[in-house]
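Work through the exercises below with the model open. Try each task before you read its solution.

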Amino acid sequence: ASLADPVAVELLREGLTGIAKSQVVTRARTMAALANAVIVAPGDEALALAEEAEALAREAGDDDALAAALGAWSWALRGRGRGEELCRVASLGVEHAAATHRIEWELVPRYNLGVGLITLGRLEEARREIDRATNLPSSLTGWAGAVFEASLALADGRLEESEILIERSGQ
């Protein structure tokens, strides 16, 4: 579900209101799904939902819900100028993926850790995290690193190099 699918978002909202507080696992998973669905919506809804979903997932001991909540929370923090918090939350997601041996849960927090480090101006550390994310098996393999390097080239005024790198990222 995403804002591109408003029916699914409304179903998640409606479902969440009907889930008893005692059904912690179901609430955590639904809340994390809704947080992910409204990531690009204006305001703080995704941030609040993801934070609450993370707390519920920890209370329930549900690894799937925790991974989804941490991913949503890190996405919700992007672009808010809260680099330290983004790095902290994304690091929790990376640690959770490692602790559960679930490499498929690592991409989002690893990438967002790189974004947080960029926000803090720690570009070499960001490059390492972005490279780690870009080398994880996914449909985005190779993409994040190329876009990062293209962005650095563009910021440095190297337009031709940036264009070449952007072209390469689309391949």
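Predicted model: local features only at pLDDT ≥ 70, side-chain atom pairs only at ≥ 80, totals over all residues.

**Exercise 1. A residue on a helix**

Task: In which helix does R58 lie, and is R58 buried, partly exposed or exposed?

Solution. R58 lies in helix α3. Helices are DSSP runs of H or I with at least four residues, numbered from the N terminus. Residues are numbered from 1 along each chain as its sequence is written.

Step 1: check accessibility. Buried means under 20% relative accessible area, exposed over 50%, and partly exposed in between, with a 1.4 Å probe and protein chains only. R58 has 42%, so it counts as partly exposed.

Step 2: list the contacts (heavy atoms within 4.5 Å). Leaving aside neighbours within four places in sequence, R58 touches L66, L70 and L92.

Step 3: compare sequence and space. R58 and H96 are 38 residues apart along the chain. Their C-alpha atoms are separated by 11 Å.

**Exercise 2. Helix α4**

Task: How many of the 15 residues of α4 are buried, and what covers them?

Solution. Step 1: check the length. α4 (63-77) has 15 residues and reaches 21 Å from its first C-alpha to its last. That is close to the 21 Å expected at 1.5 Å a residue. The expected span is 1.5 Å times one less than the number of residues.

Step 1: count. Of the 15 residues of α4, 11 are buried, so the helix is largely enclosed by the rest of the structure. Among them are A65, A69, W73 and L77.

Step 2: find the cover. It includes α2 (24-37), α3 (45-60), α5 and α6 (107-119).

Step 3: zoom in on one residue. S74 is found in helix α4. It is buried, with a relative accessible area of 0%. Not counting residues up to four places away in sequence, S74 touches L86, V89, A90, V108, P109 and N112.

Step 4: look at the ends. D62 caps the N-terminal end of α4. A side-chain oxygen of D62 lies 3.3 Å from the backbone nitrogen of D64. Just after α4, G79 takes a positive phi of about 75°.

**Exercise 3. The cavity**

Task: Which residues line the largest cavity, and which helix gives the most to the lining?

Solution. Step 1: search. Rolling a probe the size of a water molecule over the atoms shows where empty space is left. On a 1 Å grid over the protein atoms alone, a cavity is a set of points where a 1.4 Å probe fits but cannot get out, and lining residues have an atom within 4 Å of a point. The whole structure has one cavity of 30 Å³ or more.

Step 1: size. The largest cavity has a volume of about 40 Å³. A volume is the space filled by probe spheres set on the points, with grid points joined across faces, edges and corners.

Step 2: lining. L66, A67, L70, G71, G93, H96, A97, W105 and P109 line the largest cavity. The elements giving two or more residues are α4 and α5 (83-99). α4 gives the most, with four residues.

Step 3: sort by class. Ala, Val, Leu, Ile, Met, Phe, Trp, Tyr, Cys and Pro count as nonpolar, Asp, Glu, Lys and Arg as charged, and the others, Gly among them, as polar. The lining has six nonpolar, three polar and no charged residues.

Terms used:
Heavy atoms only, no water. 1 Å grid on protein atoms, 1.4 Å probe; cavity = no way out; pocket = protein on both sides within 12 Å on 5 of 7 lines; lining within 4 Å. Polar contact = N/O pair within 3.5 Å; in protein donor to acceptor, adjacent residues only side chain to side chain.
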